[in-house]
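User: I want to know what stands behind the labels used for this structure. Please take me through them one by one.

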Amino acid sequence: MKLATWNVNSLTVRLPQVLDWLAANPVDVLALQELKLTDDKFPHAAFKAAGFESVCFGQKTYNGVALISRTPAQQVTRNIPGFDDDLARVISATVAFESGSAASDIRVVGAYFPNGQEPGSDKFEYKLAWLQGLRAWLRTELATHPRLVLMGDFNITFDDADVWDPEGMRDQIHCTDEERYELNALIALGLTDAHRLFAQAPKSYSWWDYRDFGFKRNRGMRIDHILVSQALKPLVSACQIDKTPRHNERPSDHAPVLMELKG
DNA sequence: ATGACATAGGTGCTATGA
């Protein structure tokens with residue numbers, strides 16, 4: 001089973017690239033972030049024609065998330081139960097293997113974490129509150145669904161290895177101790193960063209600034225992650241970032257992250 | 001210190017992203 005996550009920075013602009021990527025990368029589940037469109041504009045038919053089901057949670061202008069899957073998503077929930085939020089950031093569902101039994105179902109949480117803008121700002125406080133709300137809910141969700149994947153745009157780096165310029169970015173947004181504390185608190189729930197289960201090229205990033213030839217100079221950060229629960233960790237057979245679409249014309253600033261599960 | 005680039009909304013420019 002293959003799963004992936006991709007912040008597309010407007011599905012309206014990026015839909016042809018997403019369809020091309022799915023044709024080249026036949027995943028079972030793809031989580032999308034930053035759709036930047038409302039549900040009535042979501043291109044269900046285009047995904048259906050490509051052989052995929054889709055569920056979405058959009059809003060005007062900003063945010064918006066979706067799950068694209070080979071088999072229909074079941075038990076779909078939107079945003080974080082127990083945490084009031086006006087912004088469309090989380091969509092979760094149970095998905096089955098193509099020919100699996102219920103015991104092989106996987107709970108997938110696709111999330112677009114808040115950016116936070118600047119440490120100390122209102123948006124930063126919202127980010128921290130959101131992270132605490134996510135953690136409180138995930139604790140119960142993991143108890144109900146031991147086979148769980150949390151993937152998306154976390155907008156947080158784990159450590160200096162995830163940052164092209166650790167000194168310049170020190171205590172800056174995505175790199176503060178407060179954000180990293182919350183990310184590690186998610187890990188402490190029993191989740192594992194799939195990317196770090198494998199040897200990776202140094203300076204492996206998932207996002208590069210559009211400005212100043214950020215991608216060409218590999219001035220990026222690893223802020224898109226796939227976390228797996230303890231029950232799934234032994235099944236993870238691969239995880240990597242696919243930089244290919246970042247070479248496209250009019251690319252998203254984020255690259256997809258892919259993971260493969262055995263069985 | 002600021003802007004660089006991209007997107008949506010709306011039609012000149014602001015808000016937001018990371």
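Analyst: Start with burial. A residue counts as buried if 20 or more other C-beta atoms lie within 10 Å of its own, as exposed if 12 or fewer do, and as partly exposed in between. Keep in mind that this is a predicted model.

User: Why is Phe 213 called exposed?

Analyst: Phe 213 has 11 other C-beta atoms within 10 Å. The limit for exposed is 12 or fewer. So Phe 213 is exposed. Its place is in the loop between β10 and β11 (220-221).

User: What makes the backbone of Phe 213 worth a remark?

Analyst: Its phi is positive, about 55 degrees, although Phe 213 is not a glycine. Lys 203 is another residue other than glycine with a positive phi, near 60 degrees.

User: Where is Lys 203 found, and why does it count as partly exposed?

Analyst: Lys 203 is in the loop between β9 and β10 (207-208). It has 13 C-beta neighbours inside 10 Å. That count falls between the limits of 12 and 20, so Lys 203 is partly exposed.

User: What about Glu 178: which label does it get, and why?

Analyst: Partly exposed. Glu 178 has 17 other C-beta atoms within 10 Å, and a buried residue needs 20 or more. Glu 178 lies in helix α5 (residues 177-187). Its C-alpha atom is separated by 9.1 Å from that of Pro 119, 59 residues apart along the chain.

User: How do you know that β7 is mostly covered?

Analyst: Count its residues: 7 of 7 are buried. Both faces are covered. Ile 106, Val 108, Gly 110 and Tyr 112 are on one side. Arg 107, Val 109 and Ala 111 are on the other. Over chain A, buried residues make up 43% of the 263 residues.

User: What makes β7 a partner of both β6 and β8?

Analyst: Bridges. Two strands pair if there are at least two bridges between them. Strand β6 (residues 90-95) and β7 have 6 bridges, in the antiparallel sense. β7 (residues 106-112) and β8 (residues 148-153) also pair over 6 bridges, but in the parallel sense. Gly 110 takes part on both sides: it is the bridge partner of Ile 91 and stands opposite Met 151 in β8.

User: Why are β5 and β9 called edge strands?

Analyst: They belong to an open sheet of 6 strands in the order β5-β6-β7-β8-β12-β9, with mixed pairing. β5 (74-78) and β9 (191-193) each have a single partner strand, so one side of each is left without a neighbour in the sheet. The twist averages 20 degrees from one strand to the next.

User: What is the strand order in the sheet that holds β3 and β13?

Analyst: The order is β3-β4-β2-β1-β14-β13. This is an open sheet of 6 strands with mixed pairing. Its edge strands are β3 (53-57) and β13 (236-241), each pairing on one side only. Neighbouring strands are turned by 10 degrees against each other on average, direction ignored.

User: How do you know that β3 pairs with β4?

Analyst: The criterion is at least two bridges. β3 and β4 (residues 65-69) have 5, in the antiparallel sense. Val 55 stands opposite Leu 67 in β4.

User: Why does the radius of gyration of chain A agree with a compact globule?

Analyst: With 263 residues, such a globule would have a value near 18 Å. Chain A has 17 Å, so the two agree. Its C-alpha atoms fill a box of roughly 50 × 40 × 40 Å along the principal axes. Chain A holds 5 helices and 14 strands.

User: Which residues are closest to DNA strand B, and how many surround it?

Analyst: 23 residues surround DNA strand B. To count as near, a residue needs its C-beta atom within 6 Å. The closest are Ser 10, Thr 12, Asn 115, Tyr 210 and Arg 211. The residues of this surface divide into 6 nonpolar, 9 polar and 8 charged.

Conventions. Residues are numbered from 1 along each chain as its sequence is written. Chains are lettered from A and ligands numbered from 1 in the order in which they are written. This is a predicted model: local features need pLDDT of at least 70, side-chain atom pairs count only at pLDDT 80 or more; totals for chains, interfaces and linings use all residues. Helices (H or I, at least four residues) and strands (E, at least two) are DSSP runs, numbered from the N terminus. Axes are lines fitted to C-alpha atoms, for helices over the stretch in contact, and angles run from 0 to 180 degrees between N-to-C directions. The radius of gyration is taken over C-alpha atoms; the globule rule is 2.2 Å times the number of residues to the power 0.38. Ala, Val, Leu, Ile, Met, Phe, Trp, Tyr, Cys and Pro count as nonpolar, Asp, Glu, Lys and Arg as charged, and the others, Gly among them, as polar.
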